[in-house]
Amino acid sequence: MSEDLNQLRSAIDNLDNEILQALAKRMKLSDQVIAAKNGAVAFRPGREAALVRQLVINSRANGHDLSPSVILGVWRQIMAASLSRQNGALAFAVHDMVMPAAAWHMGSALVAKSFDQMTRLLDAVASGQCRYGLVPANHDIKALLGALDQHQHLSIIARTPLYDMPSLHPAYIIADYLPDPSGDDMSLYAVPAADGFALTMIDGHHGNDAVVDAPADLPREARLVGIYAR
């Protein structure tokens, strides 16, 4: 039994080395992407979501005993490391409620500034003090929409984690651009209401023509405030 156990451990060690070599090769390719992008946005949540979904499909097709959450967790850290290599130290403005989600999303690459108020958090992103913001996805939405109305160049570009995890409060990621289509997206609108704004969600990636492309019953004064992959 001891000999069999040693052989199994040796096989795992060899496989770990293969994984390490593959990871190093992936990071070198990521470096080439940096040069090809010429300063374009590195964090593309739509592409990341499409990649993870395809990995889950491939895993199931091959009969692998891997849950979508495991696949997402592993590749989330790989993508965070790649983003860090492409952009260096990215400062995130993070609401206190979703600091665990921020740590999960960026891992050791996280550089965070903590905020307990939505307005101050978005001020930090709008001013360039922080590149991205993370805010609760299902708490104090009226405050979020009000703050986004004050900074209309900012948008919700992602919801993390992609798959719900009981231990993590989901977060919206805020930036000054819209994400690429992922193939399964939700467009978000701020609709004026008596006490501020209400959030309306429409299936699909509608981009800057959201009001034109969205259902006719969407109020014309509605404003696109974000899109996320689901």
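**Questions on the chain**

Colleague: Which helix holds V70?
Modeller: Helices (H or I, at least four residues) and strands (E, at least two) are DSSP runs, numbered from the N terminus. V70 is found in the run of residues 68–87, helix α3.

Colleague: What kind of model is this?
Modeller: Residues are numbered from 1 along each chain as its sequence is written, and side-chain values use heavy atoms, with hydrogens and water left out. Local features need pLDDT of at least 70, side-chain atom pairs count only at pLDDT 80 or more, and totals for chains, interfaces and linings use all residues; the model is predicted.

Colleague: Is V70 buried, exposed or partly exposed?
Modeller: Buried means under 20% relative accessible area, exposed over 50%, and partly exposed in between (1.4 Å probe, protein chains only). V70 has a relative accessible area of 43%. It therefore counts as partly exposed.

Colleague: How much accessible area does the nonpolar patch of L66, V70 and V74 have together?
Modeller: Patches are made of residues with over 30% relative accessible area and no salt bridge; like charges are joined within 9 Å, nonpolar side chains (Val, Leu, Ile, Met, Phe, Trp, Tyr) within 5 Å. A salt bridge is a side-chain nitrogen of Lys or Arg within 4 Å of a carboxyl oxygen of Asp or Glu. Accessible areas come from the Shrake-Rupley method with a 1.4 Å probe, and for residues only the protein chains shown count as cover. The patch formed on the surface by L66, V70 and V74 has about 240 Å².

Colleague: Within what arc do the buried residues of α5 fall?
Modeller: In helix α5 (residues 118–126), the buried residues are M118, L121, L122, A124 and V125. They line one face of the helix, because seen down its axis they fall within a limited arc. The arc is that of the directions from the helix axis to the C-beta atoms. Its value is 150°.

Colleague: Which residues does A147 contact, leaving aside its neighbours within four places in sequence?
Modeller: A147 is found in helix α6 and is buried, with a relative accessible area of 4%. α6 (141–150) is one of the elements that the buried residues of α5 pack against. Contact means heavy atoms within 4.5 Å. With those neighbours left aside, A147 touches M118, T119 and L122.

Colleague: Is S155 buried or exposed?
Modeller: S155 lies in strand β4 (residues 155–160). Its contacts beyond four places in sequence include I173, I174 and V225. At 9% relative accessibility, S155 counts as buried.

Colleague: Which residue in β7 is the bridge partner of S187?
Modeller: Two strands pair if DSSP finds at least two bridges between them. Strands β6 (residues 185–193) and β7 (residues 196–203) run antiparallel and are joined by eight bridges. They form a hairpin with two residues between them. The partner of S187 in β7 is I202.

Colleague: What is the phi of D140?
Modeller: Most residues other than glycine have a negative phi, and most peptide bonds are trans. D140 is found in the loop between β3 and α6. It is not a glycine, yet its phi is positive, at about 55°.

Colleague: Is the peptide bond from T160 to P161 cis or trans?
Modeller: P161 lies in the loop between β4 and β5. The bond from T160 to P161 has omega near 0° and is cis.

Colleague: What share of the chain counts as buried?
Modeller: The chain has seven helices and eight strands. Its C-alpha atoms fill a box of roughly 75 × 35 × 35 Å, taken along the principal axes. Of its 230 residues, the buried share is 41%.
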